[in-house]
Amino acid sequence: MAHIEAPFYYHGFKFGAPVFTHRQPWVAPERPSVGIAGLNRPATTAPSEIILQIMEILSQQPDAAGPAPLRLLPVANPVALEFGDDAPSDGEWPVLAHLLEEFQATSTIGFLGIGPSGSDAFQLSGTATIDVIRKLVAGEGNLRILQRLDLTPLPAGGTWSLRLEIPQHLSVAGILKAADLVLSLLHYK
């Protein structure tokens with residue numbers, strides 16, 4: 001299921017947040033969900049490409065994400081996707097920050113933002129449950145691509161919030177690895 005949330009205008013053009021929902025057929029639509037956002041910038045679309053790859057995987061393997069419904073926002077800055085370097089970055093334009101805050105607020109189990117970093121390393125930061133932190137520290141499976149962890153334990157019953165920082169320019173293989181990493185994280189929530 002897909003729809004456009006939070007429509008807004010920029011230089012006379014209408015934009016909005018393209019939100020896709022993935023859930024198992026037996027899961028109630030109102031069940032708590034996980035939100036994943038591609039924090040694209042004018043200079044990079046890699047975060048969006050990772051989420052599109054996740055959507056491709058889910059179209060072939062619907063149970064790859066686990067039982068929680070997913071809300072996927074591949075493009076958190078639709079103006080940057082359309083206008084490239086001529087678009088304002090999210091830090092310069094409050095409407096984009098508001099769009100992301102609204103999307104994150106609907107993520108009742110947890111939220112993962114995927115964005116570019118200033119380095120060539122895969123880094124994960126934020127708050128997570130103790131179980132997730134243990135799995136990440138152990139570096140199991142696809143989690144081995146993470147080169148830096150900066151996690152704070154989450155109080156019981158809280159909503160986790162993570163940010164996956166990726167190299168600004170990724171190869172196709174890097175995008176696939178990052179998509180696999182995200183799907184692995186969803187099983188540890």
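**Entry 1. Thr-44 and its surroundings**

I began with the contacts of Thr-44. Leaving out residues up to four places away in sequence, I found that Thr-44 touches Pro-116 and Gln-168. The model is a predicted one, and I read every value below as computed from it.

I then checked where Thr-44 sits. Thr-44 lies in the loop between strand E3 (34-38) and helix H1 (46-60). Is Thr-44 buried or exposed? Its relative accessibility is 5%, so I put Thr-44 down as buried, the limit being under 20%.

**Entry 2. Salt bridges**

I asked how many salt bridges a search of the whole structure finds. The search gives one. The partners are Glu-165 and Arg-163, and their closest N and O atoms are 3.6 Å apart.

I looked up the accessibility of both partners. Glu-165 has 22% relative accessibility and therefore counts as partly exposed. Arg-163 has a relative accessible area of 24%, so I listed Arg-163 as partly exposed too.

**Entry 3. Helix H4**

Next I went through helix H4, which covers residues 130-138. Which residues of H4 are buried? I noted Val-132, Ile-133 and Leu-136. Why do they fall on the same side of H4? They cover an arc of only 100 degrees around the axis, and this places them on the same side of the helix. The general rule I had in mind is that an α-helix has 3.6 residues a turn, so residues three or four places apart point the same way.

I then turned to the face of H4 directed away from the buried side. That face carries Arg-134 and Ala-138, which are exposed.

**Entry 4. The whole chain**

Last, I collected the totals. I counted five helices and eight strands in the protein chain. Read from the N terminus on, their order is β-β-β-α-β-α-α-β-β-α-β-β-α.

The protein chain has 189 residues, and buried residues make up 49% of them.

Among contacts in the protein chain with a separation of 6 or more, 77% come from residues 24 or more positions apart.

Notes: Residues are numbered from 1 along each chain as its sequence is written. This is a predicted model: local features need pLDDT of at least 70, side-chain atom pairs count only at pLDDT 80 or more; totals for chains, interfaces and linings use all residues. Side-chain values use heavy atoms; hydrogens and water are left out. Buried means under 20% relative accessible area, exposed over 50%, partly exposed in between (1.4 Å probe, protein chains only). Helices (H or I, at least four residues) and strands (E, at least two) are DSSP runs, numbered from the N terminus. The arc is that of the directions from the helix axis to the C-beta atoms. Contact means heavy atoms within 4.5 Å. A salt bridge is a side-chain nitrogen of Lys or Arg within 4 Å of a carboxyl oxygen of Asp or Glu.
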